[in-house]
Amino acid sequence: MLDTMPILPAEMTAIEISRPGGPEVLVPRQRPVPTPGHDEVLIRIHAAGVNGPDVFQRKGQYNPPPGASDIPGLEIAGEVIAVGSAVNRFSQGDMVCALVTGGGYAEYAVANHNVTMKLPIGLGVAEAAAMPETFMTVWLNLIQRGKLKAGESVLIHGGASGIGTAATMIAKAMGASKVITTVGSDAHREASVRLGANHAINYLEDDYVTKVEEFTHGKGVDVILDIIAGDYVARNLQAAAMNGRILQVSVLKGPAKELDLWPLMTKRLALIGSTLRSRTYEEKAAIIADLEAHVWPLIESGKIKPQVYRSFALEDARSAHALIDSGIHFGKIVLTTAAQRSV
């Protein structure tokens with residue numbers, strides 16, 4: 001049983017993946033507007049974040065979990081239109097952001113109430129759409145699993161990415177003694193330092209293991225957050241400090257082909273893998289509770305601000321994906337719907 005349901009269109013615009021491939025396979029289609037279940041909210045989407053998992057799904061390399069929508073998109077922000085009978089935290093008209101298992105590239109989506117959050121005060125919907133998947137991934141790995149403590153050093157690979165920019169801000173806010181990032185251009189290096197990194201390494205010019213040794217006076221870093229993988233896996237073992245923790249959250253360069261485990265043993269390192277999408281709603285709710293307690297106040301005070309590089313109309317999702325494929329962006333790319341553009 002739902003709260004009073006407003007009159008809604010029967011269909012909505014959504015982005016389908018017509019076949020595995022490049023950005024050109026993203027095609028606007030008409031889909032039925034979803035109906036929320038008893039523990040869900042129906043959200044009129046104003047903005048949706050564009051993320052690495054969306055790219056992998058577009059390429060046919062990351063299938064949605066069972067029961068999830070085949071429409072890409074994992075994080076959304078917008079207005080609650082209807083709530084299920086078991087939902088008491090939200091009402092029609094609330095502005096929220098949410099983590100979804102799919103369906104974000106659309107005008108409407110349903111989200112479980114456990115993974116839906118009211119917007120921090122003063123935050124716009126485009127910025128809010130850049131948060132759920134990104135900030136939850138960073139908090140889960142850097143803080144909950146990586147156990148980064150005040151006074152420790154951290155190395156963040158992909159410092160210009162959505163994950164990288166969020167991790168830079170959160171690590172700094174949590175008291176990291178030294179934040180080091182890797183980036184792919186001098187422009188990104190300068191932007192990363194402005195955002196809060198103590199050092200940003202252009203990996204096209206310098207070997208990051210050598211630079212980390214220099215910046216830490218030979219000690220290495222306590223925590224490494226890596227979205228790259230490939231040959232970085234072995235090199236991370238070299239860059240880590242004694243009792244260091246390495247968090248592997250993506251594999252942009254594919255699997256590690258050669259790996260000497262001796263540094264893992266002699267340094268007593270922890271190599272930890274993680275994904276967010278397949279976790280239970282209860283697990284995700286615990287991450288959200290931490291974010292609301294520790295990060296929302298920092299956002300509301302202006303100490304942390306989600307980095308939105310550029311927005312595109314939902315119907316032009318292929319241009320958004322061409323941009324994320326290029327790697328020239330700093331921060332997040334978002335899609336906006338007619339609901340947001342009419343505000």
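## Salt bridges

The side chains of E16 and R29 form a salt bridge with an N to O distance of 3.5 Å, where the term denotes a side-chain nitrogen of Lys or Arg within 4 Å of a carboxyl oxygen of Asp or Glu. This pair joins distant parts of the chain, with E16 in strand β1 (residues 11-17) and R29 in strand β2 (residues 26-32), 13 residues apart; helices (H or I, at least four residues) and strands (E, at least two) are DSSP runs numbered from the N terminus. In total, the structure holds 17 salt bridges.

The model is predicted, so that local features need pLDDT of at least 70 and side-chain atom pairs count only at pLDDT 80 or more, while totals for chains, interfaces and linings use all residues. Residues are numbered from 1 along each chain as its sequence is written, and side-chain values use heavy atoms, with hydrogens and water left out.

## Packing of α3 and α9

Helix α3 (residues 132-145) packs with helix α9 (residues 281-294) at an angle of about 90 degrees, their axes being 10 Å apart; axes are lines fitted to C-alpha atoms, for helices over the stretch in contact, and angles run from 0 to 180 degrees between N-to-C directions. The two helices are therefore roughly perpendicular to each other, a label that covers 65 to 115 degrees, whereas under 35 is roughly parallel, over 145 roughly antiparallel and the rest oblique.

On the α3 side F135, M136, W139, L140 and Q144 meet K284, A286, I287, I288, D290, L291 and H294 of α9, contact meaning heavy atoms within 4.5 Å. The residues of this contact divide into 8 nonpolar, 2 polar and 2 charged, with Ala, Val, Leu, Ile, Met, Phe, Trp, Tyr, Cys and Pro counted as nonpolar, Asp, Glu, Lys and Arg as charged, and the others, Gly among them, as polar.

## The cavity

A search of the whole structure finds 1 cavity of 30 Å³ or more, a cavity being a set of points, on a 1 Å grid over the protein atoms alone, where a 1.4 Å probe fits but cannot get out, with lining residues having an atom within 4 Å of a point. The largest cavity holds about 30 Å³ of space, a volume being the space filled by probe spheres set on grid points joined across faces, edges and corners.

Its lining includes F135, M169 and K332. Helix α4 gives the most to the lining of the largest cavity, with 4 residues, and by class that lining has 5 nonpolar, 4 polar and 1 charged residues.

Methods:
1 Å grid on protein atoms, 1.4 Å probe; cavity = no way out; pocket = protein on both sides within 12 Å on 5 of 7 lines; lining within 4 Å.
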